[in-house]
Amino acid sequence: MGEVRNKQIIFNNFITGVPKETDMGLKEGKIKLEVPQGSGAVLVKNLYLSCDPFMRGRMREYYDSYIPPFVPGSAVEGFGVSKVVASDNTNFKAGDLVSGITGWEEYSLIQRTQQWRKIQQADIPLSYYVGLLGMPGFTAYAGFYEVCSPKKGECVFVSAASGAVGQLVGQLAKLYGCYVVGSAGSKQKVDLLKNKLGFDEAFNYKEESDFDAALKRYFPQGIDIYFDNVGGTMLDAALLNMKIHGRIAICGMVSEQSLSEPKGIHNLYMLITKRITMKGFLQSDYLHIFPKFLEQIVSDYKEGKIVYIEDMNEGLESAPAAFVGLFSGKNVGKQVIHVANE
Ligand SMILES: NC(=O)c1ccc[n+]([C@@H]2O[C@H](COP(=O)([O-])OP(=O)(O)OC[C@H]3O[C@@H](n4cnc5c(N)ncnc54)[C@H](OP(=O)(O)O)[C@@H]3O)[C@@H](O)[C@H]2O)c1
């Protein structure tokens with residue numbers, strides 16, 4: 001096989017502050033559609049790429065975390081759905097559809113395939129494997145069932161509720177028999193939460209000057225479970241409104257992710273007075289239940305028990321703007337990039 005064009009989105013250099021489109025650039029190169037013998041590598045054509053808030057962490061030079069920083073001058077990396085073009089790895093063959101970490105480029109030569117999954121259900125849109133049926137959906141599932149210890153009838157609050165993770169948390173909580181309120185950053189998102197995603201109530205946090213008062217309005221008796229996607233001042237207000245023995249799942253801190261100095265939380269004393277359990281978690285700690293998750297969510301989706309909202313941008317070139325948009329709430333639902341058809 002010969003060489004073909006390979007457009008790439010390159011990570012320019014480490015950043016501080018909120019990411020900008022100019023932190024990434026488009027480069028056009030060439031790639032041979034073959035895999036060196038004995039390398040164990042797999043060459044894929046990328047079909048869908050996912051924009052996820054955790055990728056902001058990889059743009060920091062010093063990053064004391066579970067995943068190393070991006071390499072300046074190399075393609076951005078993230079979750080994707082891809083088709084195997086050539087393989088020197090016995091687990092994958094040409095034609096397989098896979099989901100896992102890939103490059104922000106048309107074709108990627110991948111060595112680290114340990115966490116890749118083959119896509120089995122061809123009757124569900126492929127892009128769902130980076131959202132509802134991929135890492136964010138699994139985060140919602142593991143976070144809600146394993147970290148929140150829910151009980152029927154409990155009062156659940158979800159922030160960034162219309163996003164990739166939040167939209168499924170709210171729906172799982174409703175299916176469990178909970179009362180569910182979500183916060184989001186626009187009227188359009190609030191309408192989706194109430195009218196499409198089945199939340200009992202929702203509010204636009206950008207129109208609230210006092211988060212404590214807003215939460216008291218929706219939870220006059222207090223919150224049993226707070227699924228926290230944002231951190232910062234919303235977390236502080238939620239602490240004041242938890243019930244005794246409430247649980248807070250710390251999933252993400254998107255409101256603080258680009259700050260050099262964290263804002264600081266003032267109401268931690270509530271952990272004692274209300275005997276609150278607050279637990280941070282990473283979805284990757286629960287991968288042993290991924291097959292159970294996939295089975296349940298595929299079945300719930302096919303039975304119409306859950307719906308899924310994705311925000312699809314067209315073309316690799318649109319990826320930097322789409323990624324940057326996560327940090328001002330431009331995405332409505334899970335942000336995905338359509339790169340190519342099979
Ligand atoms: N622990 C884990 O294993 C794990 C795994 C996946 C994701 N996460 C975390 O889960 C959270 C949600 O991720 P996602 O993929 O579902 O993202 P998402 O909600 O689809 O997109 C990010 C959303 O965050 C909101 N946002 C941005 N800046 C904000 C701010 N300053 N204050 C409040 N909200 C803000 C925006 O929605 P609005 O319009 O509503 O503001 C934006 O649409 C993130 O914090 C992410 O890091 C954790």
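How many salt bridges does the count come to by the rule used here? The count comes to 18, and one of these pairs has its own view below. This is a predicted model, so local features are described only at pLDDT of at least 70 and side-chain atom pairs only at pLDDT 80 or more, while totals for chains, interfaces and linings use all residues. Residues are numbered from 1 along each chain as its sequence is written, and side-chain values use heavy atoms, with hydrogens and water left out.

**View A. The ligand lies between two domains.** Domain 1 (3–131 + 309–338) and domain 2 (135–284) both give residues to the shell around the ligand, so the ligand lies between them; the bounds come from an automatic or database domain assignment. The shell holds 25 residues, of which Val-165, Lys-189, Tyr-205, Gln-283 and Asn-331 come nearest (a residue is near if one of its heavy atoms lies within 4 Å). By class, 15 are nonpolar, nine polar and one charged. Here Ala, Val, Leu, Ile, Met, Phe, Trp, Tyr, Cys and Pro count as nonpolar, Asp, Glu, Lys and Arg as charged, and the others, Gly among them, as polar.

View B. The protein covers 90% of the 910 Å² of accessible area that the ligand has on its own (Shrake-Rupley method, 1.4 Å probe).

**View C. Strand 4 pairs with strand 3 and with strand 5.** Strand 4 (residues 77–87) runs antiparallel to strand 3 (residues 42–50), joined by seven bridges. Seven bridges also join strand 4 to strand 5 (residues 97–103), again antiparallel. Follow Leu-43 across to its bridge partner Ala-86 in strand 4, then find Gly-80 opposite Gly-100 in strand 5. Strands are DSSP runs (E, at least two residues), as are helices (H or I, at least four), numbered from the N terminus; two strands pair if DSSP finds at least two bridges between them.

**View D. A salt bridge joins Lys-7 and Glu-317.** Their side chains meet at 2.5 Å, N to O (the rule asks for a side-chain nitrogen of Lys or Arg within 4 Å of a carboxyl oxygen of Asp or Glu). This pair links distant parts of the chain, 310 residues apart: Lys-7 is in strand 1 (residues 3–11) and Glu-317 in the loop between strand 14 (310–314) and helix 8 (319–325).
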